[in-house]
Amino acid sequence: MTQIRNFCIIAHIDHGKSTLADRLLERTGTISEREMQEQILDDMDLERERGITIKSHAIRMEYVRPNKEKFIFNLIDTPGHVDFAYEVSRALKACEGAILVVDAAQGVEAQTISNLYQAIEQGLEIIPVLNKIDLPGADPENISQQVIDLIGCEYEDILRVSGKTGEGVEDLLEAIVERIPAPKQEIDKPLKALIFDSIFNTYRGSIAYVRVMQGSLKKGDPMLFMATHKEYDAEEIGYLKLKKEPCTELKAGDVGYVIGSVKSLQDARVGDTITHQKNGADEPIPGYQESKPMVFSGIFPTNSEDFEDLRSALEKLQLNDASLSYQPETSKALGFGFRAGFLGMLHMEIVQERLDREFNIDIITTVPNVQYEVEINHKGERRKKTVDNPSEMPDAGKVETVWEPYIKASIITPADYIGPIMKLCQDKRGVYKNQVFMQGNRVEITYELPMAEVVFDFYDKLKSGTRGYASLDYELLEYRKGDLVRLDILLNGDPVDALSSITHREKAYEQGRKICAKLKELIPRQQYEVAVQAAIGSRVIARDTIRALRKDVTAKCYGGDITRKRKLIEKQKEGKKRMKQVGTVEIPQEAFLAVLSMD
Ligand code: GDP
Ligand code: MG
């Protein structure tokens, strides 16, 4: 029987996971040097540009040892970002081992730790690797000690490689064979295949990436998806090389793909178990979760005629991305649009960018918010409701109690920045838990924070306050009571629903004042004077005035220079692009995100 090794690479962003994967593909002859394109696993444009891996992929390699023994390696790539933690956990489940890559100059970072803990919990064999040892700033001795403190390995267990020069890659290939256990090859048991990823193809439907945990799946077999109870035939199965390579059977231990005219990604969900319709498994593989949106935002077409286009674009995106959810929303200010739910901020940015690029639709997005649980007093009767849109938060007088989601945040930083980080967390209503010192003057600080404060600008502030040195990871903790109110914004006395936000009562005044000032800056002068007010219920707590426009911009040109005049007119048009007429006032897109750009 062929010997198999299934593994993944876990690493903090930029520590060199993709580059190292490229070297493995090269050394095993999976791709020729001619085919070699940098970071071959990141095949979506957006991923390449941002240098991040959004969706996990898998690839099969054939490794021949110096003694001519042959092995099949399945490398399962995992997304590195906290928004995609569930996908990471499913990918880990498909492996027996993990290569832990740590940048030899940077050291252990927040995502190194969170993914590592998951891998250890699932019983994976860890191969610690220091990468980028070619860098002049590499400090392998100190960083080795960090790794030893972290996983309790021996100094000799830690490999030293360079994904750039290829140094140490042969030793790594041998370590994969020697240290990572072979998968159990229980072929006689009922079929259990774990879907660790799925993608949508317009012509073929959902393509599920699977790891067969037990039993075997043959081409043509009638399949049952255990969580969704859907039934399909395995029309095509195969291995994942650089391209898909059809085969007739996937056995326990194998990693491959399954195509069965599955109409949508909703039917072949990540984490689900595939079994046979007859004599199938009794129990699915444990740990299945439905993806749950954490961050919400309104998405509106800049031109109301684009509404149907926006709807069809979102439908198409959802085919590709089962974790995107949305429903129609009507805003008095912005008209017809959608309220979309995302796994996190990065996920939101990706969706917004794809709408813009792939579908070429001008959209206006509103400030992201989290989901609240609210108890209202309705004529003496108490009712609970879920609020994911600030404009739907009932007036303060009717609200009995509000609960908001809290996260546990783990921040790793050079010790010099402990002060600024604590101040930032305190400003964000954080509750200090503890701090642990690590080798090399670094600290892990743990805080419990309201998620609403983190989705705003926390990450940017953390980065700027520590010159980019601190790293952050978090997990959802629980819902807690909070003294929260709806802060409304009025333009010339009319509330603009899309500018409402939910804020802590103690912060409402400062927040209101800042939003008004920011809007004054962002909203261009109009023909009339515009009053900008912030209010809680009927009580105005801040006010600013945008004075009326005096002259046409081109009037400044004294009619002389015609090219300059034309440029100015072009510029004005440009600026108009993402304007929205709200009542009598023209508002630019940035204004709807004003809260995000305040400091
Ligand atoms: P990922 O985010 O973990 O996938 O990291 P990448 O593979 O995209 O690498 C991040 C950056 O580090 C890129 O600019 C790489 O060229 C660089 N890099 C990766 N490995 C090495 C290495 O061994 N040595 C040096 N000097 N740079 C490396
Ligand atoms: Mg990468």
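Analyst: A salt bridge is taken here as a side-chain nitrogen of Lys or Arg within 4 Å of a carboxyl oxygen of Asp or Glu. The model is predicted, so that local features require pLDDT of at least 70 and side-chain atom pairs pLDDT 80 or more, whereas totals for chains, interfaces and linings use all residues. Residues are numbered from 1 along each chain as its sequence is written, chains are lettered from A and ligands numbered from 1 in the order written, and side-chain values use heavy atoms, with hydrogens and water left out.

By this rule, Lys-520 and Asp-544 meet through their side chains in a salt bridge, with 3.8 Å from N to O. Lys-520 belongs to helix H11 (residues 505–522) and Asp-544 to strand E31 (residues 539–546), so this pair ties together parts 24 residues apart in sequence; helices (H or I, at least four residues) and strands (E, at least two) are DSSP runs numbered from the N terminus. Lys-520 has 40% relative accessibility and counts as partly exposed, a class that lies between buried (under 20% relative accessible area) and exposed (over 50%), using a 1.4 Å probe and protein chains only. Elsewhere, Arg-65, Glu-69, Glu-174 and Glu-178 are joined into one network by salt bridges that share partners.

The whole structure holds 37 salt bridges. Among them is the pair of Glu-170 and Arg-27, whose closest N and O atoms are 3.1 Å apart. Here the link runs from helix H6 (residues 169–179), where Glu-170 lies, to helix H1 (residues 17–27), where Arg-27 lies, so the pair ties together parts that are 143 residues apart in sequence. Glu-170 is partly exposed at 46% relative accessibility, and Arg-27 is partly exposed at 33%. Another of the salt bridges joins the side chains of Lys-241 and Glu-245, at 3.5 Å from N to O. Lys-241 is partly exposed at 24% relative accessibility, and Glu-245 is partly exposed at 34%.

The domain layout comes next. The chain is assigned domain 1 (4–179), domain 2 (192–276), domain 3 (295–366), domain 4 (372–482) and domain 5 (486–597), with bounds from an automatic or database domain assignment. On the side of domain 3 that touches domain 5, strand E18 (325–331) and strand E20 (363–365) each supply at least two residues. E20 gives the most to that side, with three residues. By class, this side of domain 3 has five nonpolar, six polar and three charged residues. In the classes, Ala, Val, Leu, Ile, Met, Phe, Trp, Tyr, Cys and Pro are nonpolar, Asp, Glu, Lys and Arg are charged, and the others, Gly among them, are polar.
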